[in-house]
Amino acid sequence: MQTKFPFPVHLLLVLLFAFATACGTKTKGPDIIFVNGDMLTMAGDSAAYVEAIAIQDGKISMAGNKAEVLAAKGDSSSVIDLHGQVLMPAFIDAHGHVTQYATLSVAANLMPQPYGTVMSIPELQKALKDYIAVNKIPQGTPVIGNGYDDAIMQEHRHPTAQELDAVTTDHPLYIMHASGHMGVANSVLLKDMQISYDTPDPSGGVIGKDKSAKRLTGKMEENANINALMFLMGKMPPTSPEETFTLLKAAENEWFANGETTICDGRAVPENIRLLMAANDRGLLKGDYIILPDYDTNADSLGNFKPYYNKYHHRVKIGAIKMTFDGSPQGKSAWLTQPYLVPPDGEQPGYKGHPIYSREAAYKGLKNIFSHGMQAHIHCNGDAAIDEGLSLMDSLKKEGLLTPDMRCVLIHSQVCRADQVPRFKEIGVMPSWFPTHCYLWGDWHLNSVLGKERAERISPLQDGLQHGIRFTIHHDAPVTPPDLLTAVYAAVNRKTRSGVILGPEQRVSPYEALKAITINAAWQWGEENEKGTLETGKKADIIILDKNPLKVDPLAIRDIRVMETFKEGKSVYRAK
């Protein structure tokens, strides 16, 4: 017997659907859909765009045709109209020092233009006096200033201890050079540290001495600089964990404001590693943090890092172990094969800088790192340091300790000779270059540090492309603020402050420069399957820019604004 319905089945289904809707059932769709903008995917060897992007559960769920993406819209989906602005992958910090940036954010700001105002030694003295007065720093309490730059200040020299004594004799005072590799102490601090003219240089460091006057200059280089900082920090009034976390969160917000959601802490000492781990345990971090423990202060703890190596625990992972082979080219402490054009204060013509390690110590350090199954990032600025880094990497590769899965990096690789570039490819080591030097210190490199021939080759990005080398570029904050758009500007234009095009043949296209801070940087950190391009399945780490770096006048790239930054689909920064 056939059952008969009082009315057609399709009408019953319509009524049932209407009832379910009335009871609150909604169609599920993406959380966010972006439309009506330049959506630059960064996938492939040339620029490619999609019409719409959908975000769901922190990942890119669709990227393609606008009509198709909108067809997936659910009742609770938010549709964001970009009004012609640019959507692209968030930038990735290939090398910076976020905890150092956080710590120094409360120091006296001595940076020159374009990031500060201190353009002379009298202005530096005034800035320090004002800082002490405004903050009402008690007598005997240490004072730290950060970011002075002899390359840019009018006098083109470092302040002296005596000039800092004119600021205060009531406080131990230390000022950090923009490079982070040196600084100057006043006489009070030198006395507290029991440093006299007869004090020998520490291993891997230099205590500045005026040999004609037989007195200390106050200048401290490399390990002498580290010793001064550690001594002074030990004398600072204690800060509560809450105050320290507040500084770290403020620094994180600076990275977000510059479009970066993956944040590097290079050369991290144990105290800063503990800070990041504690913030991570408390759930305070929104960005992804990649720590590079400093080898010297963590050499006996490498095994403890293995559980965190290349594996995030919530927001933190260990990316590599950091060694530092030399100093700063603009500070004239980098290790060169040919002399500095003008030797630094206290040095004779023919000065070439110096290594921080003996070759034996450098070899043992790298071997120790590789024996723990971890990769290394090595700070190598001068060409002699690059020679050392490449040679040791090659030797350890032949010994089977440097394996193909390791993505080791020579950081900065600034004064890079033409014959060194192909060796990166041959050995399987990646350079992370710092083209911002061309803009900020290009004139200084030309006229005082290197001379024309070598200066035109700093950060040779085009040579890297021609040899098929995957490279990244970085900001090295707090050497500069966490400002990667200026690094892109410098990579594309190589224009100095005075308007000289420094090595025009080394310029790269805006697209190649953007690759260096997106997909290439993701590859450097072993995260190319999760970040760096706008592709389905990847994390929704994205940014909105007010203009397209590929379409504006290249000289206007520095003026592009980050309008909003999203970490896994959640807005973490919005421009005011």
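In this predicted model, the chain exposes about 23,600 Å² of surface, of which carbon and sulfur atoms supply 53%. Buried residues, for their part, make up 56% of the 576 residues in the chain. The charged side chains comprise 58 positive and 65 negative ones, and the centres of these two sets lie 3 Å apart.

With regard to the overall fold, the chain contains 21 helices and 23 strands, and its C-alpha atoms fill a box of roughly 115 × 55 × 50 Å when the box is taken along the principal axes. The radius of gyration is 26 Å, which agrees with the value near 25 Å that a compact globule of 576 residues would have.

Aromatic side chains were examined next, and the count comes to eight aromatic pairs. One of these is formed by tyrosine 340 and tyrosine 351, whose rings are stacked, with 5.8 Å from centre to centre and 20 degrees between the planes; the pair counts as stacked because its planes are under 30 degrees apart. Both tyrosine 340 and tyrosine 351 lie in the loop between strand S16 (321-324) and helix H12 (359-371), so the pair ties together parts that are eleven residues apart in sequence. Tyrosine 340 has a relative accessible area of 4% and is therefore buried, and tyrosine 351, with a relative accessible area of 10%, is buried as well, since the cut-off for a buried residue is under 20%.

A further aromatic pair is formed by phenylalanine 424 and tryptophan 433, which are arranged edge-to-face, with 6.4 Å from centre to centre and 65 degrees between the planes. Phenylalanine 424 and tryptophan 433 are both buried, and together with Phe471 these residues form one aromatic cluster.

Lysine 211 is found in the loop that runs between strand S11 (205-210) and strand S12 (215-222). With a relative accessibility of 58%, lysine 211 counts as exposed, because the cut-off for an exposed residue is over 50%. Although lysine 211 and glycine 346 are 135 residues apart along the chain, their C-alpha atoms are separated by 7.5 Å.

Terms used. Residues numbered from 1 in each chain as written. Predicted model: local features only at pLDDT ≥ 70, side-chain atom pairs only at ≥ 80, totals over all residues. Heavy atoms only, no water. Helix = DSSP H or I, 4+ residues; strand = E, 2+ residues; numbered from the N terminus. Rg over C-alpha atoms; globule rule 2.2 N^0.38 Å. Buried < 20%, exposed > 50% of the residue type's maximum accessible area, 1.4 Å probe, protein only. Areas by Shrake-Rupley, 256 points an atom, 1.4 Å probe, with all protein chains shown as cover. Lys, Arg positive; Asp, Glu negative; His and termini not counted. Charge placed at Lys NZ, Arg CZ, Asp CG, Glu CD. Phe/Tyr/Trp six-rings, centres within 6.5 Å; stacked < 30°, edge-to-face > 60°.
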